[in-house]
Amino acid sequence: MTAVPINAAPAIARRRRRRLTTSPTDTAALALAALVCLVALTAPWLAPHSATAPSGTTFLSPGSGGHLLGTDEVGRDILSRVIYGIRSSWLSAIVVIASGVLVGGIIGLTAGTLGGWVDAVLMRITDAFLALPGPILAI
């Protein structure tokens, strides 16, 4: 164990405090993510019309006839479709992130636990995947 100089304690405490505070950008990003999550969870109550059933005449301009964003070529409310679209996009993003954490965690735990040549092989495979552009890998 290394000895910490006595005069270093206040500097360490300041560094820890600085990490715990958030910037206005962090707060705004967290608030936006919370808002999107809230909209995704409350879509059935927030949507003014059905997202699939026609509710008006076709091609209404935004703001007319009780449709804030207008209607599409079939007469469906665009705002309702956007709200429900957020819901499906948010769910698919959560599934993709969770599966990445699960697979990456298993690979990392295996490489860290076994070490040696297993670690080297798994890390080279991981490097190969990281070298590919994201859209190409997704396809």
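Tutor: L132 is found in the loop between α5 and α6 (134-138); helices here are DSSP runs of H or I with at least four residues, numbered from the N terminus. This is a predicted model, where local features need pLDDT of at least 70 and side-chain atom pairs count only at pLDDT 80 or more, while totals for chains, interfaces and linings use all residues. Residues are numbered from 1 along each chain as its sequence is written, and side-chain values use heavy atoms, without hydrogens and water.

Student: Is L132 buried or exposed, or partly exposed?

Tutor: Buried means under 20% relative accessible area, exposed over 50%, and partly exposed in between (1.4 Å probe, protein chains only). L132 has 41% relative accessibility, so it counts as partly exposed.

Student: Which residues make the nonpolar surface patch?

Tutor: Patches take residues with over 30% relative accessible area and no salt bridge, joining nonpolar side chains (Val, Leu, Ile, Met, Phe, Trp, Tyr) within 5 Å and like charges within 9 Å. Here W117, V121, I125, F129, L132 and L137 make a nonpolar patch of about 620 Å². Helix α5 (residues 116-131) gives the most, with 4 residues.

Student: How many salt bridges does the structure hold?

Tutor: A salt bridge is a side-chain nitrogen of Lys or Arg within 4 Å of a carboxyl oxygen of Asp or Glu. The structure holds 3. One of them pairs D127 with R124 (3.0 Å, N to O), and both lie in helix α5, 3 residues apart, about one turn of the helix. Elsewhere, shared partners join D72, R76 and R81 into one network: D72 meets R76 at 2.9 Å and R81 at 3.9 Å. Both D72 and R76 are buried, whereas R81 is partly exposed at 36%.

Methods
Accessible areas come from the Shrake-Rupley method with a 1.4 Å probe; for residues, only the protein chains shown count as cover. Helices (H or I, at least four residues) and strands (E, at least two) are DSSP runs, numbered from the N terminus.
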